[in-house]
Every structure is written in structure tokens, then in C-alpha cells.
Amino acid sequence: MLHQVAEFMARRVWYAWLLRVAICSAGTLLIGPLTAAALFLFFPTGDPDALRQMLGWFRIAIVVSAIVAMVLTYYFVRLCFRFLDRRDPSELRMDINARMPLMLVSGCIVSANLLAVIFLFQWSLGWIEVKSVSDPVNPVFFWSAFTSLVQFASIGFSEEVRYRAYGYASGEGSVPLPVLVIANAVIYALLHAQYNQFGIIALLNLMVIAGFYIAALHFFNSIWFGVGFHFAWDFVQVSVLGLAFSGTGNSSLFVIEQTGPPILVGGTALIEAGLVYFVVFAAATSLIVYLLRQRSANLTPV
């Protein structure tokens with residue numbers, strides 16, 4: 001492995017790879033804000049008081065901009081792969097086909113159930129106290145949850161397509177696998193450095209989570225399981241279980257007080273800063289890697 005790394009660094013192909021990833025990342029990161037800004041041009045006034053009175057239209061603008069941003073991100077990444085990498089976009093593993101809905105739903109189900117188990121584990125130890133349960137049919141809660149659902153879908157989709165589909169596929173064949181996996185994991189982890197609880201534990205945990213997404217990408221040969229898992233992970237923890245807060249004014253179905261040790265359960269800004277999540281994702285990643293090796297062994301001619 002060290003020989004591969006040394007040879008790779010000597011050939012300096014990593015300059016071109018990082019440049020491609022930087023260009024694609026910058027473009028996709030700008031799509032969301034630019035889409036939202038373009039939609040707000042249709043508002044009749046820029047007066048903050050008037051905008052507050054147009055809350056319904058404001059929510060619609062958020063939802064529409066998130067959906068448009070996902071579509072633009074999808075095609076922008078494919079264009080980058082075709083013209084920057086000069087490769088067939090099918091290698092991105094994000095084609096829209098008959099398997100896509102199944103992969104998305106499977107990722108959502110696995111993610112939601114995993115979080116539910118973690119939630120019940122903490123509750124059974126007395127680390128979580130449920131203060132109240134929101135009325136799911138209350139219009140205020142419903143529209144807040146719906147807006148969050150679309151926003152988290154956009155975030156999960158964009159991050160997986162940007163870093164796992166493009167960032168990973170762009171390096172395949174030219175970057176040694178250990179370097180590719182570690183670089184992808186570090187970049188993904190550092191994206192969360194703005195959170196208050198970000199530290200060494202969070203850095204390691206998020207790198208392991210990135211490894212989980214990459215392992216799932218190989219196992220399913222599709223980005224869509226990871227997209228569904230990522231979206232459901234954010235939405236369920238914030239808008240259903242109340243384990244964390246986002247900066248978008250979300251309300252949660254369960255209103256809780258978390259009193260468990262922060263080193264184990266993380267914090268309200270970043271639950272992934274807890275060691276519980278390291279154990280869970282390290283085990284999940286190890287299981288997928290084991291299954292991949294078993295499948296590869298079964299396919300090897302005797």
C-alpha cells in the first residue's frame with residue numbers, strides 16, 4: 001500500500017484529481033444559493049415585514065428551490081464527469097433506472113430503523129427524557145416537517161452525488177484505493193467543522209460514516225442507497241426524534257431532553273460527535289466489507 005501511495009504522489013496525478021473535484025464541488029455548492037436567490041426575485045418586495053406576511057409563499061419558494069437545485073446538481077455532475085474526466089457518466093453509479101426507487105426506500109428504512117434503535121437504547125438507559133409529542137396534523141408542525149423533508153432530501157442528495165458519486169468515481173483508476181477512501185472521508189468530515197461539537201471524535205466518526213457510504217456504494221453499485229440513508233438520517237434525527245437541531249427553525253415530533261454523556265451521545269448540534277455512532281458505523285462498515293469480500297470470493301473462478 002505504501003508503495004502505491006508513493007508512486008501515486010510521485011506521478012502528481014492527484015493535482016488533476018483534486019482540481020476536478022474542486023471545480024465540481026464549487027459548482028454544486030453554488031447551485032443551491034443561486035437557485036433560491038433567483039426564485040426570490042419573483043417576490044414583489046424585499047421588505048422583511050412584508051416577507052413575514054408571505055410565509056406560505058416563502059415556504060413554497062424553499063421547497064421549489066430545493067427541488068430545482070437537486071435536478072441542476074444531478075445534471076451538472078454528469079456534465080463535469082463527461083467533460084472534465086472525459087468518461088461515461090454511467091460510471092458515476094447514479095443512473096435513474098428501475099432499481100433507483102428500491103435503493104432509495106431501502107436506504108431510508110435502514111437509516112430510520114438504525115436511529116430508532118439508538119434512540120430506544122439511550123431512552124432505556126435514562127439518557128433521553130421525552131418532554132412532549134407534537135401534533136402531527138397541526139398545520140404549523142406539518143409544514144415545518146414538510147419543508148425540512150425537502151431540505152434534507154436536497155442536502156443528502158447533493159452531498160452523496162458531489163462526494164461519493166463524483167469525487168469517488170473521478171479518482172477511480174488513477175488514485176490508489178486507500179488514498180481515495182481516506183481523502184474522501186477527510187473531505188466529508190471537514191465539511192462539518194462549523195458545528196460547535198466538532199472535534200477529534202467527530203472527525204473520526206464522520207470519516208467512518210464516509211467509509212460506510214463508500215462501502216454501500218460498492219455493495220449496491222449505486223449511489224441511491226446512500227442518498228436514501230443520508231436523507232433519512234438527517235430528517236429522522238432532527239424532525240422526528242429531536243436528537244439534533246438544524247439551523248432552519250425545524251420542529252420535531254418528539255420534544256426531548258438528552259442527558260447522556262456527550263462523549264458517548266454527542267450533542268444537539270452534532271450527535272455524530274458521540275462514540276455510540278462510531279461503534280454503530282464501524283460495525284456496519286465492517287459488515288458490508290465482509291459481505292463484499294464474500295461475494296468477491298464466490299465470483300472468483302476455482
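User: In this predicted model, at what angle do helix 5 and helix 9 pack?

Analyst: Helix 5 covers residues 99-124 and helix 9 covers residues 224-240. Their axes lie 7 Å apart, and helix 5 passes helix 9 in a right-handed crossing. The packing angle is about 35 degrees.

User: How many charged residues does the contact of helix 5 with helix 9 contain?

Analyst: Helix 5 contributes residues including M103, L104, V110 and L114, while helix 9 contributes, among them, W224, F229, W233 and Q237. The residues of this contact divide into 17 nonpolar and five polar. The number of charged residues is therefore read directly from the division under the nonpolar, polar and charged classes: there are no charged residues.

User: How many charged residues take part where helix 6 meets helix 9?

Analyst: The axes of helix 6 and helix 9 come within 8 Å and cross at roughly 145 degrees, in a right-handed crossing. Among the contacting residues are E159 and E160 of helix 6 and D234 of helix 9. Besides 12 nonpolar and five polar residues, the contact of helix 6 with helix 9 has three charged.

User: Which residues have the most contacts inside the largest nonpolar core?

Analyst: This core has 62 residues. Helices supplying at least two residues each include helix 5, helix 6 and helix 9. The residues with the most contacts inside the core are M94, Y166, F212, W224, W233 and L243.

Definitions and conventions
Residues numbered from 1 in each chain as written. Predicted model: local features only at pLDDT ≥ 70, side-chain atom pairs only at ≥ 80, totals over all residues. Heavy atoms only, no water. Axes fitted to C-alpha atoms, helices over the stretch in contact; angles between N-to-C directions. Helix = DSSP H or I, 4+ residues; strand = E, 2+ residues; numbered from the N terminus. Left-handed = near helix turned anticlockwise from the far one by under 90°. Contact = heavy atoms within 4.5 Å. Core = buried A, V, L, I, M, F, W, Y, C linked by side-chain atoms within 4.5 Å. Buried < 20%, exposed > 50% of the residue type's maximum accessible area, 1.4 Å probe, protein only.
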